[in-house]
Amino acid sequence: MNNLSELVLENKKLIIRVDMNVPIVEGAIKDQTRILASIPTIKHSLDRGAKILLVSHLGRPSEGNPDVKFSLQPVVDSLKIILDEEVELVSELSDPLIFNSSARIQVMENIRFFKGEKSNSEELGKCLASLCDVYVFDAFGTSHREQASTHSAITHSNQACMGLLLQKEISALTKALNEYENPYTAVIGGAKVSTKLELIKNINEKADFVIVGGGIANTFIKAAGNEIGISLYEESMIDIAKELLDGGKIILPETVITSLSFEGEEVTVKNICDVGENEMILDQMLTRKMQDAINVSKTILWNGPLGVFENQLFETGTRDLSKAIASSIAFSIAGGGETISAINKFIKADDVSYCSTGGGAFLEFMEGKDLPSIQALKSKI
Ligand code: AMP
């Protein structure tokens with residue numbers, strides 16, 4: 001794959017497909033992480049004399065319906081402040097001002113407003129590709145989606161390359177997927193086994209220890225023959241959980257935090273053997289075995305919380321896990337929206353070797369799948 005850093009960019013017209021799908025409430029951006037993650041690629045390109053058109057999606061507007069709620073205007077306003085220069089929003093692909101304005105940076109309005117984005121239409125892909133000299137793909141968080149701006153535009157471009165963020169993501173994730181050092185601990189938490197089954201299976205082959213958490217742990221606790229009361233779990237995953245338990249790498253919780261309701265009625269700390277029929281497990285304590293696994297590991301992968309950490313009553317497991325990972329000397333990688341929120345809540349992003357900007361893309365990459373945008377970039381050589 002071509003790297004942005006290898007190309008001569010002087011006077012080149014660049015489309016950079018970024019992932020600036022940030023949370024916006026009443027016009028205000030609640031978390032700028034994704035915008036900030038794209039800045040190195042933008043600055044690198046500007047410093048080398050390129051003109052830039054940024055393309056991103058935001059939320060899930062209905063196609064062909066430019067609803068102001070999903071406009072990229074707040075992103076444009078934020079970019080102006082971060083970069084301290086003019087940033088212009090353009091709304092039409094046929095706008096004569098594209099690459100023809102005094103502004104060095106332009107932002108195309110939400111690409112999901114345009115017909116053909118979601119269906120990966122060739123027409124839209126060709127149209128985007130024809131606007132620029134180089135199509136820079138830097139939207140790792142969207143690289144698992146085969147859409148016009150994430151696939152067809154790359155295929156039809158004169159020249160395409162990876163942006164600096166994509167390069168960093170691929171390098172860090174590859175380290176945990178193929179170039180890892182053992183001992184290796186994987187922490188897989190969150191709500192459902194079914195959404196992470198492929199990840200669990202793939203990582204179970206590589207890791208020495210697999211710590212399960214949240215609703216995922218509940219399914220394993222039940223598969224091991226324990227009462228879990230009214231806890232969240234998946235009956236359809238019990239057999240596969242038993243098989244995985246037989247593999248001997250799964251580390252189950254020993255002490256859990258239960259309640260009579262999700263809101264936190266009668267919160268109790270107890271052994272997993274003592275959970276009552278009317279109780280739900282909403283958090284777990286980090287066990288000695290889990291701590292030891294983290295302490296001896298040279299590689300740690302983390303996706304998903306150990307409990308309902310959004311509620312202070314059920315944050316202990318996720319908080320203590322964050323701190324254990326922060327103090328480890330292992331190469332540690334974390335991904336997924338909830339995991340990154342937990343890191344920002346309990347430790348700092350810098351305490352982990354690499355925090356991925358991907359959710360679905362992170363999972364699919366770590367499952368060992370070829371992501372469509374990366375495949376398209378590879379085919380450009
Ligand atoms: P995921 O998106 O699969 O990573 O799941 C994250 C969500 O799982 C978070 O919003 C947690 O509140 C939730 N969660 C974690 N532990 C539990 C649990 N024991 N029971 C129900 N939900 C949980």
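Into which domains is the protein divided? Colour residues 4-162 as domain 1 and residues 170-366 as domain 2. Keep in mind that this is a predicted model.

**Stop 1: the two domains.** The centres of domain 1 and domain 2 lie 35 Å apart. Now select the contact: seven residues come from domain 1 and ten residues from domain 2.

**Stop 2: the interface.** Domain 1 and domain 2 bury about 670 Å² between them. Of that area, 69% is on carbon and sulfur atoms. Which count does the salt-bridge rule give across the interface of domain 1 and domain 2? The rule finds zero salt bridges there.

**Stop 3: strand β9.** Move to residues 184-188, strand β9. Is this strand mostly covered or mostly open? Five of its five residues are buried. Check each face in turn. Y184, A186 and I188 sit on one side, T185 and V187 on the other, and both faces are covered.

Stop 4: Pick A186: L301 in β15 stands opposite. Pick T185: its bridge partner in β10 is F209.

**Stop 5: the crossover.** Show helix α6, residues 197-206. Trace β9, α6 and β10 in order: together they make a right-handed β-α-β unit.

Notes: Residues are numbered from 1 along each chain as its sequence is written. This is a predicted model: local features need pLDDT of at least 70, side-chain atom pairs count only at pLDDT 80 or more; totals for chains, interfaces and linings use all residues. Side-chain values use heavy atoms; hydrogens and water are left out. Buried means under 20% relative accessible area, exposed over 50%, partly exposed in between (1.4 Å probe, protein chains only). Helices (H or I, at least four residues) and strands (E, at least two) are DSSP runs, numbered from the N terminus. Two strands pair if DSSP finds at least two bridges between them. A crossover is right-handed if, with the strands pointing away from the viewer, the path from the first strand over the helix to the second runs clockwise. Domain bounds come from an automatic or database domain assignment. Contact means heavy atoms within 4.5 Å. Buried area is the accessible area (1.4 Å probe) that two parts lose on being put together, summed over both. A salt bridge is a side-chain nitrogen of Lys or Arg within 4 Å of a carboxyl oxygen of Asp or Glu.
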